[in-house]
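Colleague: I am new to this structure and would like to go through it with you. Could we start with the charged contacts?

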Amino acid sequence: MDSHEPLIFEMSRAERRGANLPDCDVERTDPALLLGAANLRDSLPLPEVSELDVVRHFTRLSQRNYAIDTGFYPLGSCTMKYNPRINERTASLPGFAGLHPLQPVETAQGALELIYLLQQHLADICGMYATTLQPSAGAHGELLSMMMIKAYHADRGDTKRKVVVIPDSAHGTNPASAASCGFKVKGIPSNSKGCTDLEQLKAALGDDTAALMLTNPNTVGLFESDITEICRLVHEAGGLVYCDGANMNAMLGLTRPGDMGFDVMHFNLHKTFSTPHGGGGPGCGAVSVKQLLEPYLPIPVVGKDEQSGKYAFDHARPKSIGKIHSFYGAFLIAVRAYTYIRALGPKGLRAVGENAVINANYIRTQLQESYDVAYGNPICMHEVVLTASRQKQRSGVRALDISKRLMDYGIHPPTNYFPLIVPEALMIEPTETESKQTLDHFIGVMKKIAVEAIECPEQLKTAPHFTPVSRLDETLAVKSLDLRYEPLFTDSEPKQ
Ligand SMILES: *Cc1c(COP(=O)(O)O)cnc(C)c1O
């Protein structure tokens with residue numbers, strides 16, 4: 001932060017107030033009686049500021065944020081698409097926003113109906129049988145999927161299935177989820193085209209296989225064209241097939257994992273279905289399953305009594321893996337995703353899939369002379385993986401330098417160094433919500449940077465030059481993140 005921009009603590013002036021409360025008109029209870037004297041402190045050095053000071057402080061901080069609402073955000077595998085404002089409108093309807101989770105279900109029938117319908121829509125979209133909205137995030141959905149697969153094998157007395165097979169291109173959360181669930185992870189190398197190698201897969205499968213975890217389109221942005229054969233091989237070995245469906249954009253309305261042979265998948269509603277990516281806040285990694293896994297879904301399941309038309313929570317499910325979230329997950333996220341699906345309808349969803357793929361391929365074709373395309377010739381899906389190997393060889397410019405330079409041009413960098421199997425990876429996912437003008441601007445900047453990499457590589461290696469802070473020690477920034485501001489009092493010293 002620049003020193004001439006005071007933060008909230010430096011703005012503090014003794015006795016300045018931002019709130020004007022009426023005099024207390026109830027008898028005051030001694031706080032020591034309520035909380036215990038040991039829990040009370042003598043002073044609480046909060047900033048003493050006016051309402052205007054607070055508004056300016058937080059508005060200024062918000063202007064430091066880069067967001068999908070301020071600019072192009074091509075972060076591959078993250079699907080940073082526009083979050084339509086109508087989603088916020090419906091999520092703020094008092095009947096939804098004011099609900100209490102312990103409210104009697106007779107008074108929350110509309111909310112239960114929305115949950116029920118969203119579950120059905122998601123199952124229809126991916127070709128499965130049933131859905132739960134409980135998991136908070138994609139990784140949470142992965143973990144739940146692994147727990148259900150474990151319960152399925154255990155239920156059949158098939159106790160030797162302890163291995164989960166995962167291609168080396170997978171998102172890091174996949175092996176982490178399998179291991180957290182107590183499985184042994186067996187990695188298999190991808191083939192030279194960036195897809196699952198059938199021979200490697202066959203060699204990895206056996207009577208200890210619990211499941212295969214696969215991302216499709218995979219993390220190099222390619223559709224696994226052998227997918228039906230892959231699923232057949234895993235099933236033949238007695239395992240189940242899990243689809244990491246975090247990035248469903250390329251398949252929406254075009255093809256369905258359930259039809260390809262997958263048994264279970266998770267969605268990221270905060271990617272594909274336009275709900276906000278919260279900074280660790282409430283999200284939803286909905287999980288859809290085929291009928292064979294339905295008994296293991298977490299409780300409660302929202303059911304509908306066809307005769308009365310009433311909705312209710314079903315807790316009486318003996319095979320359920322139990323609960324993985326308080327109450328029924330992040331309900332207002334479900335409202336947003338439901339709004340998105342209903343606003344677009346089947347044709348609109350299909351157009352999302354088509355345009356996501358067209359936009360990524362437009363970038364690929366426009367940039368393939370300036371950069372090497374890692375995989376994805378002649379076609380990629382919703383994202384394209386470039387590599388800066390050429391730039392690194394020629395002038396020592398790395399993917400990281402290119403990304404830092406993009407920030408000087410006011411553009412959020414793409415994903416760097418993922419997938420791990422691509423050296424100097426730049427993984428670009430434009431999403432369908434960007435216009436041709438925005439894509440052309442990005443392409444123009446990327447071409448300019450490719451020229452700079454040849455003519456003035458130092459300019460890139462020292463970038464960014466125009467951001468509030470320059471290059472950080474990335475390891476330190478991750479390992480010892482310091483989020484606490486130490487107050488530096490000016491003329492309003494805390495009273496001791
Ligand atoms: C984003 C992502 C995940 C994890 O989702 P979170 O909500 O961040 O936990 C898993 N797999 C893939 C392929 C992803 O892109």
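Modeller: E88 and R336 form a salt bridge, and their closest N and O atoms are 2.9 Å apart. A salt bridge here is a side-chain nitrogen of Lys or Arg within 4 Å of a carboxyl oxygen of Asp or Glu. This is a predicted model: local features need pLDDT of at least 70, side-chain atom pairs count only at pLDDT 80 or more, and totals for chains, interfaces and linings use all residues. Residues are numbered from 1 along each chain as its sequence is written, and side-chain values use heavy atoms, with hydrogens and water left out.

Colleague: Where do E88 and R336 sit in the chain?

Modeller: E88 is in helix α3 (residues 85-91) and R336 is in helix α11, 248 residues apart, so the pair links distant parts of the chain. Helices (H or I, at least four residues) and strands (E, at least two) are DSSP runs, numbered from the N terminus.

Colleague: Is R336 buried or exposed?

Modeller: R336 counts as buried because its relative accessibility is 14%. E88, at 25%, counts as partly exposed. Buried means under 20% relative accessible area, exposed means over 50%, and partly exposed lies in between (1.4 Å probe, protein chains only).

Colleague: How many salt bridges does the structure hold?

Modeller: The structure holds 23 salt bridges. One of them joins R232 to E229, with the closest N and O atoms 3.0 Å apart. These two residues are 3 apart in helix α9 (residues 227-236), so about one helical turn separates them. R232 is partly exposed, with a relative accessible area of 40%, and E229 is partly exposed at 27%.

Colleague: What about K392 and E424?

Modeller: Their side chains meet in a salt bridge at 3.5 Å, N to O. K392 lies in helix α12 (residues 389-395) and E424 in the loop between β12 (415-416) and β13 (425-428), so the pair ties together parts that are 32 residues apart in sequence. K392 is partly exposed at 41% relative accessibility, whereas E424 is buried at 6%. Elsewhere, salt bridges that share partners join D158, K160 and R161 into one network.

Colleague: You mentioned β13. Which strands pair with β13?

Modeller: Strand β11 (residues 384-387) pairs with β13 in the antiparallel sense over 4 bridges, and L386 stands opposite L426. β12 also runs antiparallel to β13, joined by 2 bridges, with T415 opposite M427. Two strands pair if DSSP finds at least two bridges between them. Both faces of β13 are covered: A425 and M427 on one side, and L426 and I428 on the other, are all buried.

Colleague: And how many residues of β4 are buried?

Modeller: In strand β4 (residues 209-215), 7 of the 7 residues are buried, so the strand is largely enclosed by the rest of the structure. β4 pairs in the parallel sense with strand β2 (residues 163-167) over 3 bridges, V164 having A211 as its bridge partner. β4 also runs parallel to strand β5 (residues 240-245), with 5 bridges, and A211 has L240 as its partner there. The chain crosses from β4 through α9 to β5 in a right-handed β-α-β crossover; right-handed means that, with the strands pointing away from the viewer, the path from the first strand over the helix to the second runs clockwise.

Colleague: Changing topic, which residues touch the most other members of the largest nonpolar core?

Modeller: They are L118, L122, L133, F267, L269 and F273, in a core of 55 residues. A nonpolar core is a set of buried Ala, Val, Leu, Ile, Met, Phe, Trp, Tyr and Cys residues joined through side-chain atoms within 4.5 Å. Helix α11 gives the most to this core, with 10 residues.

Colleague: How many aromatic pairs are there?

Modeller: The structure holds 8 aromatic pairs. In one of them, F273 and Y340 are edge-to-face, at 6.3 Å centre to centre and 80° between the planes. Rings of Phe, Tyr and Trp (its six-membered ring) pair if their centres lie within 6.5 Å; planes under 30 degrees apart count as stacked, over 60 as edge-to-face and the rest as tilted. F273 is buried at 0% relative accessibility, and Y340 is buried at 6%. Ring pairs link F267, F273 and Y340 into a cluster.
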